[in-house]
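Dear colleague,

Please find the structure below, followed by a short account of what was found in it.

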Amino acid sequence: MKIIYLTHADLRKSKGHHRATYQKLRSLKGLVNKLIIVSSTFKKFKFLELVFLELKCILLIFKHNPDAIISRGYVGYLAQKFAKFKKIKTVREVHADIIEEIKQYDKSFISRKLLLPFGYYMQIIDKQSDVRIFNHPKLLFWFRNKFKNINNTRDIYAYNGFDYSENCQLDKSKAKNKFKLKTDIQYLVFTGGANYWHGVNYLAELQKEFNSMDANIQIICGGGKISSKDDPDRCLINFEPLNSKGCMNLIKASDACILPVRQSRVSPGSALKLYDYFLHKKFIITQKNLEGYSDEVLRYGFGTLVNFEESNLTALKIIKVMKKLKKNNKTKINIKEFSWETRMSKWINCLEFLRNKQY
């Protein structure tokens, strides 16, 4: 199978979706005969680059005649049109209701307004694709309900995953020393993006509860900037900026990892940080009764589920759990099913079906 993957993202960057896309493509490459990647090489995002990437992709389609092209982001419209003309299947990665997400960006009102046309443009590309791969079942069902006139019976969803090579090689004590963490305090770690929908406000409220109960528990965040609206009293410790390697070191230093989410979007998303926690076999505290979070942690088998909106009860439950972890923090865990290799095998099944079926 030959695949072309098209994205406006710069895969040289080591944060967020740039890092995740690079990881998944590395895994996908091992499962196909040929994977051709078309991505940004510009130092700064420019509108003209979108046209350049589209034209480059069209030339590669003409040259290699792939079985399918997969696209994500602000590119794919022209490439999809050409692929359809060549009777090549088109696949689209969809990770959010982008219009809704743009409205929640921590940017100025004008910046958000300027981004909205790009959001509507992305939605057009999503709709004209033969098949879509969503990162969450709620997003798939939302799309089906919103765009009922589109043939979407073959759309699938696949959660995110982890890359084995990202595993931190430091032992816990050395990782703690790296961040000058105290030995008499238990640390809960939250890494990566801290956007509005990540629910960092719940962590701030939780830390206040720990402080009022004199619990020797401190929540540490690492990676993204935390808004003063989410933590007005600055009770969280935040290491920012922190790159991918730094986040892995911080996870290794933790006594447990924590993952709240503010349900302000159509889909709560598939948190990349959750899979980084799985990779390091950490005990995980996340939101109960929420697909993509509670179901994954239950499958993982080493964590607890809470309701972050009830900060007092959540704090009491976590204190009890942390006392038990202090006595016994050893367990055998099989994490293979959460790897990018396993996730990409689901993609391959979808692509093989497309190649063998005409519709």
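K208 and E205 are three residues apart in helix α8 (residues 200-212), so about one helical turn separates them; helices here are DSSP runs of H or I with at least four residues, numbered from the N terminus. Their side chains meet in a salt bridge, at 3.5 Å from N to O. The term salt bridge denotes a side-chain nitrogen of Lys or Arg within 4 Å of a carboxyl oxygen of Asp or Glu. K208 is partly exposed, with a relative accessible area of 30%, and E205 is also partly exposed, at 38%. Buried means under 20% relative accessible area, exposed over 50%, and partly exposed in between (1.4 Å probe, protein chains only).

Please note that this is a predicted model, in which local features need pLDDT of at least 70 and side-chain atom pairs count only at pLDDT 80 or more, while totals for chains, interfaces and linings use all residues. Residues are numbered from 1 along each chain as its sequence is written, and side-chain values use heavy atoms, leaving out hydrogens and water.

The count of salt bridges comes to 16. One of them joins D276 and R19, with the closest N and O atoms 2.9 Å apart. D276 belongs to helix α10 (residues 272-279) and R19 to helix α1 (residues 16-29), so that the pair links distant parts of the chain, 257 residues apart. Both D276 and R19 are buried.

A further salt bridge connects D155 with R132, again with 2.9 Å between the closest N and O atoms. D155 and R132 are both buried. Of the 359 residues of the protein, 57% count as buried.

Yours sincerely

Conventions: Helices (H or I, at least four residues) and strands (E, at least two) are DSSP runs, numbered from the N terminus.
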